[in-house]
Amino acid sequence: MYKIRKAVIPVAGFGTRFLPATKATPKEMMPIVDKPIIQYIVEEAVASGIDTIIFVTGRHKRAIEDHFDYAPDLEEALERAGKDELVNLVREVSNLANFIYIRQKEQLGLGHAILTAEPAIGNEPFAVLLGDELIINNEYPGLRQLIDVYKKFGKSVIGTTEVPKEETYKYGIVEGTFIEDNIRLVNYLVEKPEPEEAPSTSAIIGRYVLTPNIFGALRRTPFGKGGELQLTDALMTLRKEEVIYSKDIEGLRHDTGNKMGYIKAIIDFALEREDTKDFVKKLIFQKAKELEG
């Protein structure tokens with residue numbers, strides 16, 4: 001059985017929900033205090049055993065490449081200023097993993113982005129992490145949980161969580177049969193169903209481990225909702241040929257793809273940091289008193 005060593009992170013989208021901020025800055029580079037969202041995603045992958053990150057990018061995402069590249073001018077300036085700690089911080093970002101960048105020339109859906117990465121994957125299983133989902137579990141990273149299920153069964157694994165029935169239209173939804181605690185054998189998948197049509201409330205949350213057979217399934221899957229090639233539809237195609245599993249991921253999840261989720265993530269992360277938590281607590285109490293008054 002192949003070791004999972006490569007991860008695909010699709011980042012070619014326009015980030016329209018955060019305009020005008022994302023007109024020139026990739027949404028994945030928006031900071032959670034002082035670290036961009038995309039770095040948290042990469043760090044989760046690396047902590048899960050990934051050594052090669054494949055970014056599926058667009059022509060407007062150069063800042064992501066620059067962030068994970070060396071910055072000799074910046075490092076030299078920091079060294080001259082005696083800021084060795086910051087020099088090490090900057091270098092660590094560049095040395096997190098091996099990085100590969102592939103252009104998705106048209107934004108035709110998540111499935112199309114995955115298919116674009118096929119030349120860099122080859123015939124081996126791989127992980128997928130979406131760039132706006134943060135899953136925090138320092139003891140047992142979210143992606144590692146799926147990799148461990150793959151090691152046990154040798155088949156594709158989808159990361160899931162339970163959501164309110166009225167929110168199923170926002171997610172790919174999985175219906176399956178529990179075979180172990182938090183692990184299902186998938187029976188059916190559907191992309192963003194209306195609540196009255198949803199087969200369950202088990203939602204896909206942007207973490208996958210996929211066998212290379214997904215590429216053939218993607219090529220055989222017609223374009224679906226929104227005129228895009230949906231990964232969820234391709235997984236249903238694959239499900240007709242081989243078993244697929246899902247696992248409820250344990251950890252604190254933040255959906256930074258919308259404004260409210262992004263604001264909440266900043267507050268939650270700031271409350272966990274030694275250098276910011278006291279200030280944020282004081283600010284929250286102060287604002288609460290002002291609102292009450």
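Ile266 counts as partly exposed because its relative accessibility is 27%, where buried means under 20% relative accessible area, exposed over 50% and partly exposed in between (1.4 Å probe, protein chains only). The model is predicted, so local features need pLDDT of at least 70 and side-chain atom pairs count only at pLDDT 80 or more, while totals for chains, interfaces and linings use all residues. Residues are numbered from 1 along each chain as its sequence is written, and side-chain values use heavy atoms, with hydrogens and water left out. Helices (H or I, at least four residues) and strands (E, at least two) are DSSP runs, numbered from the N terminus.

- Helix H10 covers residues 259-272, 14 residues in total, and reaches 20 Å from its first C-alpha to its last. This is close to the expected 20 Å at 1.5 Å a residue, a span defined as 1.5 Å times one less than the number of residues.
- The buried residues of H10 are Gly261, Tyr262, Ala265, Phe269 and Ala270. They fall within an arc of 165° seen down the axis of H10, so they line one face of the helix; the arc is that of the directions from the helix axis to the C-beta atoms.
- Strand E2 (31-32), helix H1 (37-47), strand E7 (133-136), strand E13 (252-255) and helix H11 (277-292) are among the elements that cover these buried residues.
- At the N-terminal end, Asn258 caps H10, with a side-chain oxygen 3.2 Å from the backbone nitrogen of Met260. A polar contact is a pair of N or O atoms within 3.5 Å; within protein, one must be able to donate a hydrogen and the other to accept it, and residues adjacent in sequence count only if both atoms are side-chain atoms.
- Ile266 is found in H10. Leaving aside neighbours within four places in sequence, Ile266 is in contact (heavy atoms within 4.5 Å) with Pro31, Ile32 and Val33.

**Helix H4**

- In helix H4 (residues 84-94), the buried residues are Val87, Val90, Val93 and Ser94. They line one face of the helix, because they fall within an arc of 125° seen down its axis.
- Glu85 and Glu92 are exposed on the other side of H4.
- The buried residues of H4 pack against H1, helix H2 (62-67), helix H3 (72-80) and strand E5 (98-103).

**Ile54 in strand E4**

- Ile54 is found in strand E4 (residues 52-57) and is buried, with a relative accessible area of 0%.
- Ile54 and Ile100 are 46 residues apart along the chain, and their C-alpha atoms are separated by 4.7 Å.
- Leaving aside neighbours within four places in sequence, the contacts of Ile54 include Val8, Ile9, Ile102 and Ala117.

**Asn137**

- Asn137 is found in the loop between E7 and helix H7 (142-153).
- A polar atom of the Asn137 side chain lies 3.2 Å from the backbone nitrogen of Glu139, and one lies 2.9 Å from the backbone oxygen of Glu250.

**The largest pocket**

- The largest pocket has a volume of about 1500 Å³. Of the 50 residues that line it, the closest to its centre are Arg17, Lys27, Leu130, Asp132 and Lys192.
- On a 1 Å grid over the protein atoms alone, a pocket is an open set of points where a 1.4 Å probe fits, with protein on both sides within 12 Å along at least five of seven lines; lining residues have an atom within 4 Å of a point.
- Strand E11 (202-210) and H10 are among the elements that each supply at least two lining residues, and E11 gives the most, with four.

Methods. Points joined across faces, edges and corners; volume = space filled by probe spheres on them.
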